[in-house]
Amino acid sequence: MQATATSSSSSNATLQTSKNILLGVTGGIAAYKSAYLVRRLKDAGFAVRVVMTAGAQAFVTPLTFQALSGEPVHTSLLDPEAEAGMGHIELARWADLVLVAPASANAISRITAGAADDLLTTVILATAAPVFISPAMNQQMWQNQITQRNLQTLRDYQFHVIAPDSGSQACGDVGEGRMPEPEDLVAIVQSHFQGQAPTTSKTNQILKGKHVVITAGPTREALDPVRYVSNHSSGKMGFALAEACRDAGARVTLLAGPVSLPTPTGVERINIVSARDLLAVSDKIVDAGCDVFIATAAVADYRAEHIADQKIKKQGDSLTLTLVKNPDIVATIAKHAKRPFMVGFAAETQRMEEYARGKLETKQLDMIACNDVSRGDIGFASDDNAMTVFFSDRFGLEKVILDKASKKEIAARLVECLVHAGA
Ligand code: PMT
């Protein structure tokens, strides 16, 4: 049945001129965030219709979504009255994009199985529009290999799986599985229509069939429960590379330090905090097999020897901290038995070529991209960069100079460089 609250509905003119988003809401506590999501999508100029599963209605009422979307809310497949209005096939055709947010583990499993036993699953089967899935669930359910296998199947079917956020969960657990903030989901939808999504990308598929792992952003090394050592990396360079590799046809896993960037569509994101987290996750992924490893992360070289259990109290005029060396992630992975093609970055402030070539050799890399981080207009946190790329001697390739350009453009050129070297 359709919810019956009276609120203004969109005119046909609106439906014809703006992009139509069909929002599927499934049963999970994150359903409350979807109410705000409807509002943000409408603010961004989209026409929104909502389909709710039975589970979703246990968390939020259809009336809420009807009031926010200005449209009847669709809840049932077998309701003659609703079918007479806009039936499941019309809904499937109306949508320019289907977004399921939150997508519960149960909904994901039913979509993966090709179920058509309620309105949402039926519309998903019947639509030709791209379908974006925003999983939200308990961190253990998220990690479960059944869930992960289902999501991989959906990716293989060309669904867009949006990586969940990490943090404290309604159930008291801490970990991955939170639905991203509505603003981030709106940005993902917008970037799809701006042609930045994989399905609309015009880029040459030079990395098709490759699995690329990219480290991005800073690491944080705790000193006590409230303080840490870190740096100014924003993650922009690594995220731009993730998009460039995705657009080149690769499957991309992005290992992201604490940054506030939305996850690029179609990219699997794993959040990490410290260098040791990053090494543990990298090691596991490389064990499972990948083709290219790109280390853009600004990993803290040192961490506190001891992390204080309690907040360090202010005493005296100075404080001495003992720091110990962190593992070198890229150098460790380069020695892995299943070594992928290894790309490092070098952040230098002087003697660029000498230091970059030194790192290329000591870390046993295939390629290294060097940037001058003493410049204010490129490097850390800037939207632009300029790089010089060096290759291992065994390729016999000349260095490549990439003049200042947006990190997006630099990333696309770096993808060409690594393919040029045989990645
Ligand atoms: O994130 P942005 O704000 O967009 O900024 C981008 C950037 C400036 C961070 C990026 O372009 C960059 O230069 N990244 C490398 C930063 C760095 O740590 O450089 P490095 O010269 O200290 O390290 C050399 C290489 O070893 C890097 O690939 C680094 O990821 C890796 N490394 C370093 C230390 C460590 N313990 N483990 C590592 O894997």
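Start by selecting strand 3, residues 97-103, where Pro102 lies; strands (E, at least two residues) and helices (H or I, at least four) are DSSP runs, numbered from the N terminus. Within this selection, show the bond between Ala101 and Pro102: the peptide is cis, with omega about 0°.

The model is predicted, so local features need pLDDT of at least 70 and side-chain atom pairs count only at pLDDT 80 or more, while totals for chains, interfaces and linings use all residues. Residues are numbered from 1 along each chain as its sequence is written, and side-chain values use heavy atoms, with hydrogens and water left out.

Next, colour the two domains: domain 1 is 3-193, and domain 2 is 211-307 + 320-420. These bounds come from an automatic or database domain assignment. The C-alpha centres of domain 1 and domain 2 are 34 Å apart. Domain 1 puts 12 residues into the contact and domain 2 puts in 10 residues, contact meaning heavy atoms within 4.5 Å. Between them the domains bury about 840 Å², 49% of it on carbon and sulfur atoms; buried area is the accessible area (1.4 Å probe) that two parts lose on being put together, summed over both. On the domain 1 side, select Ala163, Glu176 and Ile188, which lose the most area to domain 2 and together make up 37% of what that side buries.

Now go to the ligand and select the 28 residues around it, of which Ser233, Ser234, Lys359, Asn371 and Ala381 come nearest. A residue is near if one of its heavy atoms lies within 4 Å. This shell has 14 nonpolar, 8 polar and 6 charged residues. Nonpolar covers Ala, Val, Leu, Ile, Met, Phe, Trp, Tyr, Cys and Pro, charged covers Asp, Glu, Lys and Arg, and the others, Gly among them, are polar.

Helix 12 (236-247), helix 14 (329-334) and strand 16 (341-348) each supply at least two shell residues. Strand 16 gives the most, with 4 residues.

A side-chain atom of Asn371 is 2.6 Å from a ligand oxygen, a backbone N or O atom of Met237 is 2.8 Å from a ligand oxygen, and a polar backbone atom of Val330 is 2.9 Å from one. The protein buries 95% of the 780 Å² that the ligand exposes when taken alone, by the Shrake-Rupley method with a 1.4 Å probe.

Finish at Arg351, in the loop between strand 16 and helix 15 (352-362). Arg351 is not a glycine, yet its phi is positive, about 40°.

Methods. Polar contact = N/O pair within 3.5 Å; in protein donor to acceptor, adjacent residues only side chain to side chain.
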